[in-house]
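Good morning, and thank you for the time.

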Amino acid sequence: MRKIFLPLLVITAALFAYSPYYINQAPYESTMLLVQKIFYYHFATWMAGATAVIVCGVASGYYLFKGSVVADRVAVATAELGVIFGAFGLISGTLWGRKAWGTWWAGDARVSMALVAELIFIGYLLVRKYGGPGSEKLSAAMGVFGAATAPFIYKSVDWWRTIHPKTSVMSSLNDTPGGVIMWNIVLFCTLAFMLLLTVVLAARMRLEELRADLDRLYLEAED
Amino acid sequence: MLLRTVALTLTSFVLTTGIALAQAPAGQDEFVPLSSLPPGQELPAAPLVLASYASFLLLMMFYLWTIWRRINKVEQDLDALKRRQGAASR
Amino acid sequence: MFARVALLVLKKDIAIELRSYEIISTTTFFAAACVTIFSFAFTRDDETMAMSAAGIVWIAIAFSGTLALSRTFERERYGETLKALLLAPASRPAIYVGKLLGILCLIFATEILVVPMVALMFQSPLFNRPGMLLGLLVTGTIGYAAVGTLFAAMLVRARTRDVMLPILLYPITIPVIIAGVEGTTALMLSPPDEAMASLWLALLAFFDVVFVTLSLWMFEPLMTE
């Protein structure tokens with residue numbers, strides 16, 4: 001990881017630096033016009049956030065059953081990243097909703113469920129920080145349950161009567177004029193966010209490793 | 001030492017993105033003549049788009065800064081501990 | 001064997017509870033106090049908002065459920081009996097199911113008081129479709145208690161259990177509470193929206209399956225030191 005870290009970082013930086021220009025080139029969406037340009041980062045951040053949440057759930061389960069310390073570190077790092085990406089997803093969604101729905105908070109199904117997931121992972125971090133000894137297992141259980149809600153968030157718009165765009169919005173994009181360009185930009189932004197997720201995850205994991213080193217040294221010093 | 005470089009690079013890349021983002025909305029305003037906006041567009045969208053991208057920038061910068069600060073702190077503690085141990089063993 | 005262990009654990013819990021009636025009386029009292037406070041908070045010009053009844057029922061259940069959960073396991077901690085129970089040569093999931101059944105009995109007992117009380121104080125048509133209401137209450141309570149039992153059992157060893165139980169439990173069970181509230185609200189419409197209510201009922205049943213499966217699956221590694 002350390003060898004490819006810097007190249008990966010440079011690629012991510014390049015993608016992010018280019019993305020505003022690329023988004024600027026996108027044609028206006030026919031009904032929502034300029035405000036639709038929030039979509040590119042909004043969608044990408046939720047993709048990265050969902051990935052973080054699912055990785056966190058899998059890593060938590062792996063830690064519970066196999067006792068792998070590395071899996072535990074991955075779970076902490078991804079939970080934190082899930083909270084950060086989720087926070088931006090909620091902020092950008094609110095700003096978009098202000099224009100598209102005319103209200104900051106519409107209380108629609110997917111938005112509420114996304115907030116629930118955000119709360120679960122904030123709870124994860126709280127348990128982790130203030131839970132005292134044994135909090136690793138507690139938070140791991142929370143991570144598994146948190147990841148289990150992710151499919152509900154994804155499907156909630158299809159089940160409930162709601163104003164949030166349906167999951168089919170992505171496939172319909174191809175039919176609109178300029179849709180191919182928009183589709184490409186969506187993919188581009190998602191790739192950039194996924195790389196960002198990887199890079200920050202690596203940095204965050206390094207922090208956990210250092211902390212573990214510190215704890216070990218403290219224990220040795222006491223002996 | 002590597003970590004400090006990494007943290008610096010991360011911050012600088014976020015800053016470049018920021019400059020790029022700051023330029024983007026300006027181009028957008030020229031792109032749309034105001035007269036071509038439909039009558040339903042009472043609420044200007046540009047500030048919202050700008051706010052959205054700026055919030056991402058700020059959030060990411062803040063988060064990277066916290067990681068950088070936490071890594072630094074742990075490294076300091078490690079150094080201090082190692083020095084103390086070195087002094088004790090001598 | 002599995003069912004026998006679960007029933008034995010349940011029988012033990014009921015026997016202890018019947019000796020003092022401590023948890024059941026405090027929990028139902030707490031739920032009644034909650035409903036009374038809400039009945040003041042939601043009254044406008046002497047006209048009670050009938051539709052808020054659905055939310056009140058579920059909030060009262062969630063709050064008193066937390067109380068029942070923490071008291072039940074506090075009792076186990078006091079005598080270190082949970083440790084003894086886990087040392088017994090019985091399958092861990094069976095012990096979990098036994099504890100879950102005990103908690104369910106307590107929460108159902110609370111609901112028997114709370115639901116008619118809300119219907120009375122808010123003059124709301126909660127009993128339009130008693131069968132579906134019962135279904136919503138049962139599935140919702142199972143989903144809530146399944147997660148609650150798992151976390152309360154885990155927290156027995158933790159020093160910060162009083163703070164941590166709500167922090168762990170509430171975010172995870174919000175979807176269950178939402179589904180319960182929405183389903184109950186659909187039942188109170190005139191005429192009752194049965195299609196909507198059964199959709200929420202199906203969702204609750206789905207949550208139950210997911211939560212119970214996950215809890216059974218994780219109870220073993222979580223309770224191992």
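This is a predicted model: local features need pLDDT of at least 70, side-chain atom pairs count only at pLDDT 80 or more; totals for chains, interfaces and linings use all residues.

Let me begin with A:Thr94, which lies in helix H3 of chain A, residues 69-100; helices here are DSSP runs of H or I of at least four residues, strands are runs of E of at least two, and both are numbered from the N terminus. Residues are numbered from 1 along each chain as its sequence is written, and chains are lettered from A and ligands numbered from 1 in the order in which they are written.

Leaving out residues up to four places away in sequence, A:Thr94 touches A:Trp104 and A:Trp105; contact requires C-beta atoms, placed from the backbone, within 7 Å. A:Tyr22 is 72 residues away from A:Thr94 in sequence, and their C-alpha atoms are 23 Å apart.

Chain A as a whole has seven helices and zero strands. Of its 223 residues, 47% count as buried. Among contacts in chain A with a separation of 6 or more, 76% join residues 24 or more positions apart.

I turn next to helix H4 of chain A, residues 109-130. Why does its length agree with expectation? Its 22 residues should span 32 Å at 1.5 Å a residue, and the end C-alpha atoms are 31 Å apart, so the two agree; the expected span is 1.5 Å times one less than the number of residues. Just after this helix, A:Gly132 takes a positive phi of about 75°.

Within H4 of chain A we find A:Ala117. A:Ala117 counts as buried because it has 25 C-beta neighbours inside 10 Å. Setting aside neighbours within four places in sequence, its contacts are A:Val53, A:Gly86, A:Gly146, A:Thr149, A:Ala150 and A:Ile153. By contrast, A:Phe188 lies 71 residues from A:Ala117 along the chain, with 26 Å between their C-alpha atoms.

In chain A, the axes of helix H1, residues 2-25, and helix H7, residues 179-222, come within 9 Å and cross at roughly 145°. Here axes are lines fitted to C-alpha atoms, for helices over the stretch in contact, and angles run from 0 to 180 degrees between N-to-C directions. The crossing is left-handed, meaning that the near helix is turned anticlockwise from the far one by less than a right angle, where clockwise would be right-handed. Residues of H1(A) in this contact include A:Phe5, A:Leu8 and A:Tyr22, and those of H7(A) include A:Ile185, A:Phe188 and A:Leu195. By class, the contact has 17 nonpolar, three polar and no charged residues. Ala, Val, Leu, Ile, Met, Phe, Trp, Tyr, Cys and Pro count as nonpolar, Asp, Glu, Lys and Arg as charged, and the others, Gly among them, as polar.

Now to the other chains. Chain B has two helices and zero strands, and 21% of its 90 residues count as buried.

How many residues of chain C are in contact with chain A? There are 19, and they meet 22 residues of chain A. The largest share of the chain C side, seven residues, comes from H7(C). That side has 16 nonpolar, one polar and two charged residues.

I close with the backbone of chain C. C:Tyr21, in the loop between helix H1 and helix H2 of chain C, has a positive phi near 55°. C:Tyr21 is exposed, because 10 other C-beta atoms lie within 10 Å.

How values were computed: Two residues are in contact if their C-beta atoms, placed from the backbone, lie within 7 Å. A residue is buried if 20 or more other C-beta atoms lie within 10 Å of its own, exposed if 12 or fewer, and partly exposed in between; C-beta atoms are placed from the backbone.
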